[in-house]
Each structure stands twice: as structure tokens, then as C-alpha cells.
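Here is a short briefing to read alongside the model.

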Amino acid sequence: MTPAQYSVFALVSVSAGLLGLAALFPDQTVPSALIDTVSSSVVADPVPLKGLSVAPLVARASPAVVNIAVVHPSPYLQNPLLRDPYFRRFFGVSEGALQPRLAAGSGVIINARKGLVITNFHVVDEGQLIVVILEDRRQFDAKLIASNPKADIAILQIPAEKLTAVPLAASDSARVGDYVLAIGNPFGLGQTVTAGIVSALGRGLTPERGVGLIQTDAPINPGNSGGPLIDMRGEVIGINVAILTPVQANVGIGFAVPASVIQDLLRSVED
């Protein structure tokens, strides 16, 4: 490709990208100065794209996303023999191994009046103590009131007031290609927002499982489990549940339990 051909190709590509962004965000205008600049020169100065920010959506949703800390009993204490100090010394089990284990995950408030929080079942399963930490740093002991282990979904209840909730999508309206946000607490860093698209629908659907998962390339990492997958309308379309990776970190293949499964469990609590 000659330099002249390359310049024409680059100009067409950038212009097409701007048109695509305008179509995706019909309520937000792309500055005319940006279009004029691209039309007049392939190499342009950086232009702020404030009109394309998802910050307003994040501001509405993030107060409803919570961190969850769970205290699990030591697995050694499940063995009656290891409750005896003699056997612990014989098998070389240290006293420190008897201390409770701490685990962390994420969740989302979907009913502010009742204090209902959705998370993954594997995050809270067999927890001796479950603590929900809000964005404003308030902490509450939570009670597990409903669960669907097969779908890996659980509902917690906290005795809190002045909560913010995010609406749960009424149906599985997600489409492949929809833009989505994932909010959670990866690696214990604190609340983190990532973005991507719906990559596929119905992943892992089998007669035994009965639940087809939403696949997304929005980065999901350990600690994100139980956090929401939110569409551009600000609705929870799924609860992040797992990643597929050979390196224990995100490679762009994450999965979420769809809203319809959550709605079924929620009805059993609200009825």
C-alpha cells in the first residue's frame, strides 16, 4: 500500500468510527470540531471525548455495589481427629492452620427497602460470618435468606437504611454486541469498573445445568464474583460468576448468570 493509499484508508476508518460512536450514543453529540479536524487532516491533535463517557451511569450504579467479606471455618476442624491436640502434633498440623479462613467477593443491592443483596452462592457457602461493606464504608452482618446452588446465586439481607439499589432487568434482553460494565472488588483492590461487550449468550447450557450464561469480554478477575454486569440502561443483566483462563487472571472470557435466573429466586423471597 502506497503512502497516499494508506492516508485515504486511515481517514475513512477514523470517519467510520466516529459515525459508529454517534450511532451508539444517540443522546450524546460528538463535537463538530472533531469531525472537521478529522476531515481536514489524518494526523490531528487529541480531542477530549467527554460526551462519550459512561461516568454518569457509573455514578448511579456504584453506590449499590458492595464488597462481601466471609469468615469460613478451618477445614482442619471438620476432621474430628484433628480437634485433638495429640493428633494435630502427630500429623504436623500447626495451631495457625486452625484459624478461620477469610474470603472476599462482590454483590449488588437490588431491593433497597428490604436490604436485599445478590451475590454468588460460592462466595458465601458455609460462611460462619458474612459482612457486607457498602461504598460509604458502612458495614453490616448479613443473613443468607435464599440460594440456588445449581445456578450459583444467593440472596443476602442486611438491616440497613438509606440504601441505593440498581434495577434488575425484567427479562433476558441482552444481545450479542451490547456494551456492558462490570463492577466489583478484584483482588481486594476496592471497587473497580471495567467495560466490554456481550460476547455470546447461552454458554454452558445443558439439560443438567439448565442455565445458559452470558459471556463477556469485560475484564472479570478474582474478587469480582457476585458483582453485577450492567447494560447501558443501568439495569443488572447478570451476576458475574466465573472466568475461563489458563493464568488465574482475566483473558477476556468471563461469564455471568442471566437476570431471568435471578428473578426466579427473587420472587421466592418477595412473594
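Which residue in strand 12 does Ile-230 stand opposite? Ile-230 faces Val-236 there. This is a predicted model, in which local features need pLDDT of at least 70 and side-chain atom pairs count only at pLDDT 80 or more, while totals for chains, interfaces and linings use all residues. Residues are numbered from 1 along each chain as its sequence is written, and side-chain values use heavy atoms, with hydrogens and water left out.

**The barrel**

- Six strands close into a barrel in the order 8-9-10-13-12-11, with antiparallel pairing; strands here are DSSP runs of E with at least two residues, helices are runs of H or I with at least four, and both are numbered from the N terminus.
- Strand 11 (residues 228–231) pairs with strand 12 in the antiparallel sense over three bridges; two strands count as paired if DSSP finds at least two bridges between them.
- Strand 8 (residues 179–184) is also joined to strand 11 by three bridges, and these two strands run antiparallel.
- Among the facing residues, Leu-229 stands opposite Gly-238 in strand 12, and Val-180 has Asp-231 of strand 11 as its bridge partner.
- Pro-228 and Ile-230 point one way from strand 11, Leu-229 and Asp-231 point the other way, and all are buried (buried is under 20% relative accessible area, exposed is over 50% and partly exposed is in between, with a 1.4 Å probe and protein chains only).
- The hairpin of strand 11 and strand 12 has four residues between the strands, and Gly-234 takes a positive phi near 85° in this hairpin.
- Helix 6 (residues 259–270) lies across strand 12 and strand 13 (254–258), at about 40° to strand 13.

**The second largest pocket**

- The second largest pocket holds about 170 Å³ of space.
- Its lining has 13 residues, and Asn-221, Pro-222, Gly-223, Ser-225 and Ile-243 are the closest to its centre.
- A pocket is found on a 1 Å grid over the protein atoms alone, as an open set of points with protein on both sides within 12 Å along at least five of seven lines; lining residues have an atom within 4 Å of a point.
- Grid points are joined across faces, edges and corners, and the volume is the space filled by probe spheres set on the points.
- Helix 5 (121–124) and strand 12 (236–243) each give at least two residues to this lining, and strand 12 has the largest share, with three residues.
- By type, the lining divides into seven nonpolar, six polar and no charged residues; Ala, Val, Leu, Ile, Met, Phe, Trp, Tyr, Cys and Pro count as nonpolar, Asp, Glu, Lys and Arg as charged, and the others, Gly among them, as polar.
- Pro-222 sits in the loop between strand 10 (213–216) and strand 11, and counts as partly exposed because its relative accessibility is 36%.
- The C-alpha atoms of Pro-222 and Ala-242 are separated by 8.6 Å, although the two residues are 20 residues apart along the chain.

- Seven strands form an open sheet in the order 5-4-1-2-3-7-6, with antiparallel pairing.
- Strand 5 (139–141) and strand 6 (143–148) are the edge strands, each pairing on one side only.
- Neighbouring strands of this sheet are turned by 30° against each other on average, ignoring direction.
- Strand 6 pairs antiparallel with strand 7 (residues 153–157) over five bridges, and Ser-147 has Ala-154 in strand 7 as its bridge partner.
- Asn-67, in strand 1 (residues 65–72), is buried because its relative accessible area is 16%.
- Asn-67 touches Gly-105, Val-131, Val-132, Ile-133 and Asn-185, not counting residues up to four places away in sequence (a contact means heavy atoms within 4.5 Å).

**Two loop residues with positive phi**

- Asp-152, in the loop between strand 6 and strand 7, has a positive phi near 60° and counts as buried at 14% relative accessibility.
- Lys-162, in the loop between strand 7 and strand 8, has a positive phi near 55° and counts as exposed at 79% relative accessibility.

How values were computed:
On a 1 Å grid over the protein atoms alone, a cavity is a set of points where a 1.4 Å probe fits but cannot get out, and a pocket is an open set with protein on both sides within 12 Å along at least five of seven lines; lining residues have an atom within 4 Å of a point. Axes are lines fitted to C-alpha atoms, for helices over the stretch in contact, and angles run from 0 to 180 degrees between N-to-C directions.
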